[in-house]
Amino acid sequence: MTQEKTSGGSAPTVSHPTVAPISYCSALPVSAATIAWLTSLISAHRARIGSRWRKVTPGQQAVLVLAMLRKDERLLDLATPNGISASTLRRWLLEVITLLAGRAPRLPRVLRRLAARGAVVVLVDGTLIRTRRRTGTQNRRHYSGKHKHHGLNVLGLTDEAGRLLYVSAVLPGKTADITAARHHRIREQLHHHRLTPAADKGFHGWHKDVRETTDCDTCGGPCEQIVLTPYKAEAKRPLTEAQQQANAVFAALRCAVEGGFAALKNWRILDKLRLHPRHATTLIRALLVLTQHEQSARDTARQATA
């Protein structure tokens, strides 16, 4: 180790001799079924676009991408030991998440399946995906006053078991959950399939949108849709005991939606998103596909051992 002094009498800087990077083994908490499935998708994609040669096999690309998604590995930390550039690895990451996002379920298909299955209630909630501080005009619109952090707003729909069924496109972090639901027209699409939304206090007042619909095609007259939200106390009107009990029962029903978002945020790349916001929707939908595949593989393994 040597010390170098800069001109102008500034403090000395410390430089280290160039050393070879040290590689070590680390576990990747992803099922073998998911790795094999993603490998087959990448192989089919390469054959479709006529990719003749790459430095890594489809299986190696799948492992590298999953390491970035699940463990939030940095580009340089993965690129250097594998003899590739960080820009190449980033291009492979965008390629895979675009490939996965194309398989994400769309809302009309999800709601049709729920209606055909006889479902009645769909849990709706929003979450904030943290990002770096934005610059310029993008700073304030990406700052969430509720969470006191910069981020992106995402709406999710789950069933009563807490399985994440759908995630919306991202909106700036300052967007309230009820505003995002109105922007994506979630209530109208649920009502079209005769499903009832259940949401938290952040959606209080969502039911007032129904009053504005005097002629509903689904109801054949005045709209009769119900929006389930908990009771909310006011300054001079506290909740009664019956309302408190109703809120407790409702909270027990809605706690499943937190498990759905927890499964999605188990992919540590969402701890603090460093990708540009224009790639955020693609990334979220790709992670939804991986989460659903992991859950399906886990259910299949349990049934095989039962």
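Mentor: Let's start with a term: a residue is called buried when its relative accessible area is under 20%, exposed when over 50%, and partly exposed in between. Keep in mind that we're looking at a predicted model.

Trainee: Okay, so is Asp209 buried or exposed?

Mentor: Asp209 has a relative accessible area of 13%, so Asp209 is buried. Asp209 has a salt-bridge partner, Arg182, with the closest N and O atoms 2.8 Å apart. That pair links distant parts of the chain, 27 residues apart: Arg182 sits in helix α7 and Asp209 in helix α9. Arg182 itself is partly exposed, at 40%.

Trainee: Which residue does Arg54 form a salt bridge with?

Mentor: Glu95, and the closest N and O atoms there are 2.9 Å apart. Arg54 belongs to the loop between α1 and α2 while Glu95 is in helix α4, so this pair ties together parts 41 residues apart in sequence. Arg54 is buried, at 18% relative accessibility, and Glu95 counts as buried at 18% too.

Trainee: How many salt bridges does the count come to?

Mentor: The count comes to 8.

Trainee: Now the greasy part. Which residues have the most contacts inside the largest nonpolar core?

Mentor: Leu69, Leu100, Leu283 and Leu287, in a core of 45 residues. Among the elements that each supply at least two residues of this core are α1, α4, β5 and α11. Apart from this core lies another, of 24 residues, including Leu107 and Tyr166.

Trainee: What is Leu69 in contact with, leaving aside neighbours within four places in sequence?

Mentor: Its contacts include Leu93, Ile97, Trp267, Leu283 and Leu287, and Arg268 is also one of them.

Conventions
Residues numbered from 1 in each chain as written. Predicted model: local features only at pLDDT ≥ 70, side-chain atom pairs only at ≥ 80, totals over all residues. Heavy atoms only, no water. Core = buried A, V, L, I, M, F, W, Y, C linked by side-chain atoms within 4.5 Å. Buried < 20%, exposed > 50% of the residue type's maximum accessible area, 1.4 Å probe, protein only. Helix = DSSP H or I, 4+ residues; strand = E, 2+ residues; numbered from the N terminus. Contact = heavy atoms within 4.5 Å. Salt bridge = Lys/Arg side-chain N within 4 Å of Asp/Glu carboxyl O.
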